[in-house]
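Colleague: I would like to learn how to read aromatic contacts in a model of this kind. Could we go through them together, one feature at a time?

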Amino acid sequence: MHTGARLSRRAFLGAGAALGVAAAFAPSRVSEARVPSVGPITRSIALSAGETELRLLGPDKPPTRILAYDGEPFRTIRAKKGDRLEIAFDNRMHEGSTVHWHGIRLPNEYDGVPTLTQPLVQPGGRFVYRVPLDDPGTFFFHPHCDETGQAGRGLAGVLIVEDERDPKFDAEFVLVLKDWRLAEDGGFLALSEPDGASKAGTFGATRTVNGKPAERLEAPANGDVRLRILNIDSTRVMDIGVEGAPAALIAVDGHALDPIPMDDLPDGIWRMGPAQRIDVALRMPGEGGTVRIGDYRAAEIYEFATITAQPSRRAARRFHPPGLPAARLPRPDLKRAEQLTFTLQQATDAAVKEAGLPPDDPLAKALIDSLCVGATAYWAIDQQAWPTGAQRKLPAPLARLKAGASYRVVIKNGTRFPHPIHLHGHAFQVIDSSSKRLPRHWADTVLVQSGETVEIAFVAAPGDWVFHCHILEHMETGMMGWFRVV
Ligand code: C2O
Ligand code: CU
């Protein structure tokens with residue numbers, strides 16, 4: 001049967017070796033050590049957060065009151081490389097929020113981390129973000145306070161930065177993956193439970209793409225298609241695969257890499273944790289043929305999109321996946337870089353004890369409300385847990401870095417669960433993984449599996465930048481720290 005055939009294909013591909021580290025690395029030739037500056041605004045956008053209804057359980061089931069920007073689930077902003085956006089954010093929710101521009105390199109004051117970079121935007125309040133877009137690619141934005149609650153109820157948007165050098169495709173589809181924790185009446189189940197928060201996370205059972213059970217799409221026969229796939233779930237790690245068409249990975253977290261045929265990846269899939277994105281190029285089959293895109297991680301495959309080939313005048317021809325233009329990113333000097341090591345671990349009592357900023361630091365008196373913290377610490381980075389419960393001070397930075405200097409950061413996962421680790425305000429190079437699972441690539445979030453060690457490198461940009469797990473419950477129960485770069 002169908003499913004069996006696909007499972008055996010997966011097992012067959014599983015025999016493939018891990019990728020060589022040197023494979024598929026697209027170096028950008030230009031070194032730009034500067035931080036993108038805002039400069040003159042090219043476009044002003046109003047953005048509000050509030051409630052809206054979505055029928056997640058089905059057309060004749062009760063709707064769910066979700067959170068969304070501008071009343072539109074996963075509101076999408078399309079902009080051009082070089083744009084300078086001015087985004088006036090209005091908080092129309094009953095709780096404080098901020099907006100974080102995930103993966104965007106920008107001045108620290110617009111990074112959206114309450115306390116560290118800005119005050120919390122209270123209900124009815126406004127904050128104006130100025131966001132320079134120097135890097136083309138697939139990005140997203142989301143709140144950075146009570147993320148388990150706010151993002152868990154749907155608050156997130158897509159930010160696509162187009163480059164005039166982008167190759168032309170016959171069709172492009174944005175696929176936003178998110179699960180929901182729903183009760184039968186359409187309301188939400190608890191978005192976090194201790195057993196989830198302290199382990200792999202609390203999973204949603206209602207799986208969606210673009211807020212629907214699945215997408216049924218069409219594209220011209222023998223045409224070229226670009227997929228922008230975003231895992232914005234709070235918890236779930238997914239194994240993305242494509243069947244029925246030759247396909248290649250062309251970008252990770254928005255950043256171009258030398259195209260890697262999907263069949264050359266270990267198991268024929270790209271493993272993607274929360275907050276990670278990929279761009280995939282594929283060649284449609286002949287008329288009537290169907291391409292299937294799914295998450296192959298669980299025993300029950302979640303086929304979230306199919307694309308059916310429509311009549312077209314295009315002839316069948318060989319597929320050469322088109323490479324995307326690379327961003328001009330500051331390139332770390334790996335020889336001279338200072339190396340830092342951080343271990344992801346479960347919180348011990350020592351991790352939770354007072355480890356505040358020195359009292360003369362202007363941020364030292366930050367109160368717990370504006371830290372948006374959880375109640376319990378289950379996780380830590382190097383014995384230090386982001387404050388939870390009654391701990392009322394912002395913790396000391398994990399490290400103090402020099403602006404413009406290169407760093408290699410070794411991330412060791414000493415836990416039994418995978419953690420997608422995100423550094424704000426930078427694009428980093430993933431330079432090595434102990435499993436040899438990862439090609440060299442640029443990213444803003446990297447999945448570190450249980451027992452694995454991953455090394456990243458970057459040029460430090462000035463500011464206070466958080467470094468955290470993007471399984472939202474993990475970040476809110478301790479697995480977050482920050483770097484001070486001066
Ligand atoms: Cu998308 Cu601090 O994260
Ligand atoms: Cu985690």
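Colleague: Is Phe188 buried, partly exposed or exposed?

Modeller: Bear in mind that this is a predicted model. A residue counts as buried under 20% relative accessible area and as exposed over 50%; Phe188, with a relative accessible area of 24%, is therefore partly exposed. Trp180, by contrast, is buried, with a relative accessible area of 0%.

Colleague: How many aromatic pairs are there in the whole structure?

Modeller: A search of the whole structure finds 13 aromatic pairs. One of them joins Trp180 and Phe188, whose ring centres are 6.4 Å apart and whose planes meet at 35°, so the pair is tilted. Planes under 30 degrees apart would count as stacked and those over 60 as edge-to-face.

Colleague: What lies over the face of Trp180?

Modeller: Lys178 lies there, at 4.5 Å from the centre of the Trp180 ring.

Colleague: Which parts of the chain does the pair of Tyr407 and Phe458 tie together?

Modeller: Tyr407 belongs to strand 23 (residues 406–413) and Phe458 to strand 28 (residues 453–459), so their pair ties together parts that are 51 residues apart in sequence. The two ring centres are 6.3 Å apart with the planes at 35°, so this pair is tilted. Tyr407 is buried, with a relative accessible area of 4%, and Phe458 is buried as well, at 1%.

Colleague: Which residues form one aromatic cluster?

Modeller: Tyr69, Phe89, Trp101, Phe127, Tyr129 and Phe141 form one such cluster.

Key:
Residues numbered from 1 in each chain as written. Chains lettered and ligands numbered in written order. Predicted model: local features only at pLDDT ≥ 70, side-chain atom pairs only at ≥ 80, totals over all residues. Heavy atoms only, no water. Phe/Tyr/Trp six-rings, centres within 6.5 Å; stacked < 30°, edge-to-face > 60°. Buried < 20%, exposed > 50% of the residue type's maximum accessible area, 1.4 Å probe, protein only. Helix = DSSP H or I, 4+ residues; strand = E, 2+ residues; numbered from the N terminus. Lys NZ or Arg CZ within 6 Å of the ring centre and 35° of its normal.
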